[in-house]
Amino acid sequence: MKPDDQKITWVREPRLGPTGRSFLPLFVQGLMTTLRHLFRRKQTVQSPETRHASPDPLLYRGVHRLNWDDQGRVKCVACFLCATACPSHCIDIIAAESPWPDREKYPESFTIDELRCIFCGMCEEACPVDAIELTSFYDLSGKSREEMIFDKEKLLSVYDQTKNTEPMRTRRIER
Amino acid sequence: MPHLLAISIIAVVLGAVGVALMLPRGAARGRLLGGLLGAVALGLTLSQLPRVGQWANDALFLVLAAVTVVSAVGAVTFRNPVYCAIWFGQSLLGVAGLMLVAGAQFLAVATVVIYAGAILVTFLFVLMLAQPEGRAAYDRVSFEGPMAAATGIVIVGLLSITIGGVLSAGPMEHHSAQAMATGVLAPQHVARLGDELFGRHLLAVEVAGTLLLVALVGAAVIVRLAADRMSDRQSAADGASAPTLRGGRSVAAESVADRPS
Amino acid sequence: MIVTLLEPLLKIVLLLAALMTACAYLVLVERWMAAWVQDRLGPNRVGIPLTRVRLFGLGQPLADGIKLLTKAQITPSHVDKALFIVAPMAIFVAALAAFAVIPFGSVIPTEGLPAAWRLPKQISLVVAPGMDVGMVYVYAVGSVAVYGVVLGGWASNDKYSFLGGMRSSAQLISYELPLGLGILGVVLATGSLRLDAIIHQQAASGAWNVFTQPLGFVVFCVAGFAEAARLPFDLPEAEQELVGGYHTEYSGIKLVMYMVAEFLHMITASFLIVILFLGGWHLWGVTGAGNEVSWPIALVRIIVLLGKVMVVILFFMLARWSWPRFRFDQLMDIGWKVMIPWGLVNVVAIAAWIEFGGRLSAVVGLSPIVAMALGNGCVLILCWLATVVADPTSIDNRPRRALPVVGQVGQPRPGGNPPCGKTTDRVL
């Protein structure tokens, strides 16, 4: 881009006012700001000893869980709606013939790659039977990538761990 | 002492041939041989130098001298101009170290400030901005290599003979004692230097300073004139769109003068 | 003989150990300051290794060091190998070499020590006490340090590194002038280039140079900040613009060398500010001013000097978060159009005072020191007011060629518009 390009609009920098030109007030102002903050109460929450105020379990989007129904069966019917809705393609379902009469399929395997997941909650939105839900667990860690691929048992165990603290998000429609 | 003289002459000639071989030429033949010859010459010279006294001082002097000479050779024989600049800087550091060993603290430090600090940085600017990629012919081939080496022989030979004459007059201790007595190495040598410069040589210092100032102003004027001429030519090339106004002042000159302040 | 050799060696070892430890812990202090200014807590976890003792995070430097030393050392294939390795060494050596002449205390007496060691009556706490031109030496070594930056930037063969190196060299060259002018006033007043002589002069008169030469102090401080490349002058490695500046391509131990060298520059600048302007080890009524000292006084002097240096370093760190970074043209404007004129005025004022000050203060009826402080304070205020009125840093970066006259924006000039884009005085 040359300086005589017709597309350039050249602007003269505005002159500083007397405060800006004398530097000193701004100098003091900046110093006062930092000094004030230096002795202010700190905002840091020292996790893991103290935790953030518990996020609202109905709103927060953390680790997924797979819900059991009241007869001890996986609620999921392997309809693939969540896998279809997932923008990061982290849900992998293998469906099989259902052993129960009230549904056609059930997930033989259900894995979520938590490292790919962006925790958008689309799967939860998409699920027609409220089988997949996001919990308020946020400090997720593992020592290998394989460990972070959650299979069906692990996802169901998340439900076991959180069922007391976090109720089902959508009330079950009584039939 | 004919023995010493013979060895000195051999060393100087060997060094000159070595440097001439190492100078960048079209084909890079004989550089290794040149380096070997140079190393032999350096070893011969250093081995013939009189000892100062303490082994620590001797070692310091020999190391610094070797660094200085090797760096100087590197400065003329490397092809990459940036490397040449670095070698030159290192050679100057070596010289500064020698001066420090000799007790001339101010000269040593001033050398570093002036050469290593100012000139070399400017030098690097020029090198980097002028030739970022690829080397020009004048970087790849050095002209008049043998002639330069011969000139080097003459200078080094004359210096050796002169210094040898001084050294043969008496042992080193005698000289340093003499220097101490006459106050050359007095603790107040900075003050003495200032006194000399601004007392006895005041006129020379002032003339040199004025000359430099005039040169600086002249350079600025020349640049300014060239820029104005350039923009005049540009205006002429732009034709009727930018005529000269008010009795020959160019648009550029006018607009610079009328710049909002 | 052995002891006389051992004495400087011991000083060197002590100084090196102290400097390296200080660098490591100053990094921690810097991180703490950064955190506190931003209402955070900062590093507070790492304590004694292999235990659960936390010690306010005092183990953090060790962990940082181990991490950096064991990291992969990447040498990109496109770099100039030799210079890539030499550059960090050059800057590191230059940064350390400055401490050869910087005193880290006054003197320590050798009374109780065995006479067989044949020590001098006092040991001065400088590595090279015989250096008569200490101030110029620091200056020279500082100019060598530019090499590390420029070579590192060039050898990396990377545009960010190169830009950082170029910026750095331009900045360091520009600010060496005001730095020298600030030093010159002090050297004129002292009549010596020795750093310990400068401290002694301030201690003897009881008036620190910051009072008698306030203008020189301001010039030197600003130039010192710029030479140490600390915010608000950290253009060479402005993260937001240049990734990492001249050390973008460096990793592992070479990066550590660069970072330690930068911290050493800051420590050097702090030492110089304290020694040249803040009285060195002198504190009224505590340390005394003479050259004959007992052990307690010697220790107190060391503590006072290091305490002052620490305060200046803390100010450096606080300044980092207090003011935004200058733009490069502003940096150059402040250097060339403000600081160099101020420095020249300072030198002239000090020289004039040395020539006429005695008579002048006798006429006015004040003691010379008070009169000098008042006079140079007035010079500082006058310089400042002149700068405020003249406003030399306000710039107009529109193209110089064919700028339209103010007030005629948009009006066609005779013969058509100038051959460039629109220009406007409108504030966008």
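This is a predicted model: local features need pLDDT of at least 70, side-chain atom pairs count only at pLDDT 80 or more; totals for chains, interfaces and linings use all residues.
Let me start with a sheet in chain A: an open one of three strands, in the order β3-β4-β6, with antiparallel pairing. The edges are β3, residues 91-97, and β6, residues 149-150; each has a single partner strand, so one side of each is left without a neighbour in the sheet.

Strand β4 of chain A covers residues 105-113, and two bridges join it to β6(A), the two running antiparallel. Which residue of β6(A) does A:Asp113 face? It stands opposite A:Ile149.

Now to chain C. This chain has 428 residues, and 44% of them count as buried. Its C-alpha trace spans about 95 × 70 × 45 Å along the principal axes. In secondary structure, chain C has 13 helices and three strands. If we take its contacts with a separation of 6 or more, 73% are between residues 24 or more positions apart.

How is chain C divided into domains? The domain assignment gives domain 1 as 1-60 and domain 2 as 71-331. Their centres, taken over C-alpha atoms, are separated by 18 Å. To the contact between them, domain 1 of chain C gives 16 residues and domain 2 of chain C gives 15 residues.

One helix of chain C deserves a slide, and that is α11, residues 295-322. It has 28 residues and reaches 40 Å from its first C-alpha to its last, close to the 40 Å expected at 1.5 Å a residue. Which of its residues are buried? Among them are C:Ala298, C:Arg301, C:Val304, C:Leu305, C:Lys308, C:Val309, C:Val312, C:Ile313 and C:Phe316. In general, an α-helix has 3.6 residues a turn, so residues three or four places apart point the same way.

Last, the nonpolar cores. The largest has 134 residues, and the members that touch the most others are B:Val112, C:Ile91, C:Val136, C:Phe220 and C:Ile273. Another core, of 19 residues, lies apart from that one, and includes A:Val74, A:Ala78, A:Cys123 and A:Ala131.

Technical notes
Residues are numbered from 1 along each chain as its sequence is written. Chains are lettered from A and ligands numbered from 1 in the order in which they are written. Two strands pair if DSSP finds at least two bridges between them. Helices (H or I, at least four residues) and strands (E, at least two) are DSSP runs, numbered from the N terminus. A residue is buried if 20 or more other C-beta atoms lie within 10 Å of its own, exposed if 12 or fewer, and partly exposed in between; C-beta atoms are placed from the backbone. Two residues are in contact if their C-beta atoms, placed from the backbone, lie within 7 Å. A nonpolar core is a set of buried Ala, Val, Leu, Ile, Met, Phe, Trp, Tyr and Cys residues joined through C-beta atoms within 7 Å. The expected span of a helix is 1.5 Å times one less than its number of residues. Domain bounds come from an automatic or database domain assignment.
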